Each structure stands twice: as C-alpha cells, then as structure tokens.
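Hi there,

Here is the structure I promised to pass on to you. Please open it and keep it beside you while you read my notes below.

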Amino acid sequence: MSDSVRRVLSRVLLVAAGIAALLSLAAPASAHGILSVVYANLESGGTGVVRAELQLEYDLLVVSAADAEKDDPLYREGMAAFQDGDATAQAAVLISHRDTIARYVSERFRITAAGAACTARMDDDISMTRQDGVPYAVVTLEDACPPSENGHEIAASLFPDAEGYVTDTKTILTYNLDLHEGSTVLDAEHPSFTTAQSPLQRFWEFFRLGAEHLLTGIDHILFLLALIVGSRRLREIVIAATTFTIAHSVTFILAATGVIAAPPEVVEPTIALSIAVVAAWYLWRLVRRDQADEDLSKAHGFLRLDRAGWLRVAVVFVFGLVHGLGFASALGIDEPWSWTLLWSLLVFNVGIEAVQIGIIVIVFPLLVLLRHRAPRVGMWVSAAIAVVVTVAGLVWFVQRILGIE
C-alpha cells in the first residue's frame, strides 16, 4: 500500500473512529426508556374466570403508576427500593400500594367476552423476578367474564407512548384458553387480540416481531455489516450468513424453549465483543492486503475457501450461537415445549432471516459495485464502516462489562 493511500486511509479511519465513539456512547444511554416488554400468560381459572399473570418492568411500573394515580409515596419508596436493588423491599412497596397498582394495571390490560368487559380483581400477593437482568414485578389478575362462544378478546395499553417514559411497549402474550393455545404480540399498532384469531394472523404477528427485533437491534445489524464488509466474494458472504443463521437458530430455539440458559451478563458483552472482533478482522486483513489477495487466489477445496476463510466461518459460528441467546431474550416465553410454541419460534426466526437477507441483498451489491468501479474509494468506505463497527463494539463491550447504561 503506498504512503499516500496510507495517509488518506488513516484520516478516514480517524474520522470514522470519532463517529463510532460518539454513536456508541450515545446509544446505551438511550437504550433504557426506548422499549419495554410486558410478559402476559393467560389460562382458565375455572368456569367464567380468566387468570392473567403479568410480568411488568419494576421501575417503569412504579413511575407510570405513581404518575397516573398521583401517588407520590409510591414513587419515592419504589425508586428507593429500586436503587437499593432489594427485591424483597420492592415487592413490599408494591403490596403496600396495591390499590394504585391494581387500578393502573386493570385499566390498561382488559379482557372482554361476548362484547362485555370482564371484571378484574388483582391478587394480594405480588412477587419479583428478573428478565434480562432487569427487575420485573409479577402481578396476577382474576377476570370474571360472561359466557362466550366466540373466545375472549385481550387489549393491552400498558406503558403507552403518551406517558413519555417509553416510545414503544410490546406485550408478549401466551395463552391457553377456549380450547386454543399459542402466543402473540401486542403493541401500539396492534393493541388487541382474540383467541379466535386465525393461524395466518398468528404467523404474521411473530414474523413481524422477528423482523422488527432485527431492525431495531443495532448490535445485530452492526454484526451483519461487519460480515458484509469483510466478505471478499459473494460465496463468502453467503457462507458466512448461512453459518450465522444455522448457529443462532440452534441456540435461539433451545433457549426460548428453556433447554439451555445463559445469564445476560455473559451474553450481552459477548455479543458486543463479537461485533468488534469480526469487524477488526477485516481491518487486519486490509493491512495485510497483498497476502490476503494471494491467499484468495489460491483458495480451493470444499466451498473454495482458504484457511483464513474457514477460520472466519468458525468464528462466525461461535458468535452466532451467542447471538441466538440474545434473540431468545426478546421473546421471554416461559412455557412447556409444544408444537404451537415451536411454530411461533420458527416464524419469529423467519422474520429475522427475512430482514437479514434484505440487508445483504441491498448492501453487498452496492459495496461490490463501488469496489469494482472505484477500488480506492471502496476500500476507504469499507474501512470506515469496519472502524465504526469495531469501536462501537468495543465501547459496548466495556459498558456492558461494567454495567453502564
């Protein structure tokens, strides 16, 4: 590589590194408060009774309920318990303000039957659990419903955008009612669901959730970009993407069905590290550009990958296994294995793959065209993307290791 190219490249990398640092520092600060997930499980509680167990993000529940019901003591006591990280104290605060919590939750999670609203009563007991390392309150509603031959309709409007605390709330709903069982997703655009919903409607809900999860998951997108810029030929990106898909599909299914588990304190930093490693790999090969091209020209054997190509495939496979655990955390489904559950998980995964393929189809041909028409510019653009991704991954890794949000 000539000195002039090295000088220009170093400037590009310096600017890209600055941009990456700013983006990676800003992203975690705004991560909490953008999206919240509510977990709801519905089952029959006897004739004319629907039992709904809800898991709600603790600090968000405290702030939202206290604000909506004008209960300042709930806010002060609840946030003090949150800062202390004492699960017993957190549950005690919610129980002492049971009426406030009951009004807030029952008004925003409604069940109707035969066109009439069910009468909700919240259990006295409130417990605590954790989802992705975040404290969640577990509350249970007993809904007395009129007789119905057309199932039940569930409407969720917990933590709406209008409150100003989050910009999107998704309710992951699992149910075993009216001789139907399955899962679905509720949000601001699709706030209600009926147990008489068709299989096609259930397919679309989980496909949409999978697609949105990848589109809104900047860490997964950056990992994909790292794979794209580091691929020298079409077959390399196809092999890398296929390897990533197989790997994350395996752990995604196993984790979502409860067969395996890994703490988010391990999964999230590893995902961040994977982003940095895969992107930095390309930068390292860029420095060794002559050797890399020579290796590629000698590629032969199965799939025509050289030694570096096979090593990259192995790295992608290992990191893909970890990303699958991250995808599984988006669902938070806690129910026994069933064909219905497996179908929902597969559809969710199809949504992820559709977006992944779409990004590759758009970005890779453009990058190849740029590298062919203007090789030097293509190299600078690829290097800049790789630096942005590398720095962002490293900063996120440090922040997640230290627990900085």
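**A covered strand and its hairpin**

Strand 10 (residues 180-186) is mostly covered, with five of its seven residues buried. Buried means under 20% relative accessible area, exposed means over 50%, and partly exposed is in between (1.4 Å probe, protein chains only). Before going on, please note that this is a predicted model: local features need pLDDT of at least 70, side-chain atom pairs count only at pLDDT 80 or more, and totals for chains, interfaces and linings use all residues. Residues are numbered from 1 along each chain as its sequence is written, and side-chain values use heavy atoms, leaving out hydrogens and water.

Strand 10 pairs with strand 9 (residues 168-177) in the antiparallel sense, over seven bridges. Two strands pair if DSSP finds at least two bridges between them. If you look for Leu 173, its bridge partner in strand 10 is Thr 184. Two residues lie between the strands of this hairpin, and Asp 178 takes a positive phi near 55° there.

**The whole chain**

The protein chain has 13 helices and 11 strands. These are DSSP runs numbered from the N terminus: helices are H or I with at least four residues, strands are E with at least two. Of the 405 residues, 49% count as buried.

Which residues of helix 4 (residues 87-96) are buried? They are Gln 90, Ala 91, Val 93 and Leu 94. These residues sit on the same side of helix 4 because they cover an arc of only 155° around the axis (the arc is that of the directions from the helix axis to the C-beta atoms). On the other side, Thr 88 and Ser 96 are exposed. At the start of helix 4, a side-chain oxygen of Asp 86 reaches to within 3.0 Å of the backbone nitrogen of Thr 88.

**One disulfide**

A disulfide is a covalent bond between the sulfur atoms of two cysteines; here the cut-off is a pair of cysteine sulfur atoms within 2.5 Å. The structure holds one disulfide, and it joins Cys 118 to Cys 145, with an S to S distance of 2.0 Å. Cys 118 lies in the loop between strand 4 (116-117) and strand 5 (119-122), and Cys 145 in the loop between strand 7 and strand 8 (152-156), so the pair ties together parts that are 27 residues apart in sequence. The torsion about the S-S bond is about 115°, so the disulfide is right-handed. Both Cys 118 and Cys 145 are buried.

Happy exploring!

How values were computed:
A polar contact is a pair of N or O atoms within 3.5 Å; within protein, one must be able to donate a hydrogen and the other to accept it, and residues adjacent in sequence count only if both atoms are side-chain atoms.
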